[in-house]
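Please keep the sequence and the 3D view open while reading.

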Amino acid sequence: MSRRRIIASGVAGVAGAALAVWAFSADDSPVNWYSAATVSAKTVRKKRPLPTRTEQVANLQAGHTYDLLIIGGGATGVGCALDATTRGLRTALVEADDFASGTSSRSTKLIHGGVRYLQKAIMQLDYDQYKMVKEALHERANMLEVAPHLTRPLPILLPVYKWWQVPYYWFGIKMYDFVAGDRNVKNSYYLSKKNTLELFPMLKSDNLCGGIVYYDGQQDDARMNLAIALTAARHGATIANHVSVTKLYKVAGKLSGARLKDELSGKEWDVQAKCIINATGPFTDSIRKMDDPKIKDICCPSSGVHIVLPGYYSPEHMGLLDPATSDGRVIFFLPWLKGTIAGTTDLPCQVTHNPKPTEDEIMFILSEVKNYLNPDVEVRRGDVLSAWSGIRPLVSDPNKPDTQSLARNHIVHVSPSGLVTIAGGKWTTYRSMAAETIDAAVESANLKPIFRDSQTDGFLIEGAHGWTPTMYIRLVQDFGLEMEVAQHLSKSYGDRAFAVAKMATMTGKRWPIIGKKIHPEFPYIDAEIRYGVREYACTAIDMIARRLRLAFLNVQAAAEALPVVVDIMAEELNWNEAERKRQIKMANEFLANEMGQMVNRASRDKIPINLSKEEIQTYIKRFQIIDKDRKGFVSINDIRRSLKSMGVKPSDAEISAILSEIDVTYHGQMEIQDYLQMMSAIKSGHVAYSRFARMAEMEEEHHERETLKKKITVERSGGGL
């Protein structure tokens, strides 16, 4: 160990002891309620057990006085909680829904400095824009350092179709590298047309001059948000999801506490706090109006829609940025968790807890995607596996007299009663925003932290301490996990993946030994559901959307896995049958409305069905013969099985051709409505006669022959039907 590390450890140990003494004597209420944070070393794994949600809620109800009560469990809120508790402040955080349930789980997944803002800084000689980019580039490097399991550097290609743009883009991107300085991820570079197409073969080649590649970071946003919250909890913060604030209290005109409500049990109680922080993103104004009903709104919400397409739409390790779409917006096209994210839109919207993607926004993204992919890649509406809308809370600055113009970055505002509001900004700068917010809170409420300055720069996040890029190999060798599952656990939980693996059940197979998948197409296993409950997942939506990312990756797969998820959660949380049904109902509504399932179906249902009642009955019968398991849809495996039962063994090319005809809404699957629409289109001459339709007829004829054989056999044996 170096002399520097020894000194740091020694100083931190003294600080930890001082902090424990302070926590023991600082409150009038019972002195041992607060488990003080020991910022013993930013790189040492905290061994304090994670309190359960029941214990966290009990702490909130115990009558303690907190230094800080933070409202909001998104990126900024949990960042504030971690910053405050590592300074030695007694910290509580409540979130009305779930951690990252709002905008923080619906981002583009990029950790970026803002290359567009740098362009404006240079072109307009705007020093404020430059400072904003400089800060974001520092924070980008910090996120990649403190959570290496949840983040990764990602090369992003800017395709160039005009020669004069080559030096223009090259200079801009080189300036991006220069501003990052020693915090740069990797250096940018120019690619020839040939090399560009080698790295991004899906790209349109007509008039392509080459490409500029630069680096930003990518993350799993909801898991990152949760990891920060868990880190804060391990260091002493009291955090609770599904707890809302219904009222703010004042003494002599200054905020003194709040009325809280447990949204799961319905119980309400009061909590005291010396300072309250409003970190509620799009809901900033609703909390500000609890403090002062007369104030003007400062939030100008904007809807950003993203869609997920199959992974073959992009290379696995390179993204693409189109800086010049048809209406001037920037479109990203990024690989993420074996899928491809495309987005985003930017339209004014209303603040809502349940934002929904619209067909117009989805079609705008698809039309832009078509513009830069080659003709071999047919961009189909049916390839949209999931779609979601996030509300970006642009704000005007209440600190300035002119509140009409929107702030480019974030704002921190302290009201006359002491409410500290942090609003605006972006995911990448959550940590520096939190540090600035806690600075303002300490000053306005005259708090006495052990550490005056923020401790979170370089502070390792939950799961990072023992993680290495090859850690998954130990999971495979020690536990007998499938390699893809082990890689997923390593990247999602970091060094906590071993705790997850210990909860996995036996598969009953020779290999893998443990780890039953909850859906055959994804590496999520049963143990993650049980572990997710310990990570404060309280509802099925918490699980499929944020502990696992299944809802964001494939809405249909999430719906199929839902019964298994609810069954395991019911065991862990002692749900009765009525609660199981309620959870499934709520989760299905979430998938339908917020994850794009309903808008996908609405798009499909626009195709008219021109069939007689008799024809519809015939086709339903054919469909049901193929759908032997009564799932409500048929997959490629159903097709293979049906053909095999008739002695037909199609080639991969023939199967691929069938799929190209039936893949209407879900990747590789067809529902009864799809089948009826396809048969109607065949009847009206809109499409060629379908192999799938012929296969269905063959299956029905085969089924009728088998039924007739059984009837004859029974009659000959003297029996009856």
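## Cavities

In this predicted model, a search of the whole structure turns up 4 cavities of 30 Å³ or more. The largest cavity has a volume of about 70 Å³. It is lined by 13 residues, and those closest to its centre are Arg 223, Glu 462, Ser 492, Tyr 493 and Glu 535.

Helix 8 gives the most, with 4 residues. By type, the lining of the largest cavity holds 6 nonpolar, 3 polar and 4 charged residues.

## The second largest pocket

The second largest pocket has a volume of about 1,300 Å³. Its lining is made up of 46 residues. Glu 316, Trp 336, Leu 337, Lys 338 and Lys 491 lie nearest the centre of this pocket. Two or more residues of the lining come from each of strand 4 (151-160), strand 6 (210-219), strand 11 (299-310), strand 13 (331-336) and helix 13 (483-493).

The largest share of this lining, 6 residues, belongs to helix 13.

Leu 337, one of the residues nearest the centre of the second largest pocket, has a positive phi of about 50 degrees, although it is not a glycine. Leu 337 is found in the loop between strand 13 and strand 14. Is Leu 337 buried, exposed or partly exposed? Its relative accessible area is 40%, so Leu 337 counts as partly exposed.

Tyr 536 is not a glycine either, and its phi is positive, at about 75 degrees. The position of Tyr 536 is in the loop between helix 15 and helix 16 (540-547). With a relative accessible area of 2%, Tyr 536 is buried. The cut-off for buried is under 20%.

## Cis peptide bonds

A cis peptide bond joins Gly 343 and Thr 344, with omega at about 15 degrees. Thr 344 sits in the loop between strand 14 (339-343) and strand 15 (347-348).

Trp 511 and Pro 512 are also joined by a cis peptide bond, and here omega is about -10 degrees. Pro 512 belongs to the loop between helix 14 (497-501) and helix 15 (526-534).

At what angle do the axes of helix 4 (residues 115-123) and helix 6 (residues 165-180) cross? They come within 10 Å of each other and cross at roughly 100 degrees. Helix 4 is therefore roughly perpendicular to helix 6, a term that covers angles of 65 to 115 degrees.

On the side of helix 4, the residues in contact are Val 115, Leu 118, Gln 119 and Ile 122. They meet Tyr 168, Gly 172, Ile 173, Met 175, Tyr 176 and Val 179 in helix 6. The residues of this contact divide into 8 nonpolar and 2 polar, with no charged residues.

## The chain as a whole

The secondary structure of the protein chain comes to 25 helices and 20 strands. Of its 721 residues, 56% are buried. Among the contacts in the chain with a separation of 6 or more, 71% are between residues 24 or more positions apart.

How values were computed: Residues numbered from 1 in each chain as written. Predicted model: local features only at pLDDT ≥ 70, side-chain atom pairs only at ≥ 80, totals over all residues. Heavy atoms only, no water. 1 Å grid on protein atoms, 1.4 Å probe; cavity = no way out; pocket = protein on both sides within 12 Å on 5 of 7 lines; lining within 4 Å. Points joined across faces, edges and corners; volume = space filled by probe spheres on them. Nonpolar A, V, L, I, M, F, W, Y, C, P; charged D, E, K, R; others polar. Axes fitted to C-alpha atoms, helices over the stretch in contact; angles between N-to-C directions. Parallel < 35°, antiparallel > 145°, perpendicular 65-115°, else oblique. Contact = heavy atoms within 4.5 Å. Buried < 20%, exposed > 50% of the residue type's maximum accessible area, 1.4 Å probe, protein only.
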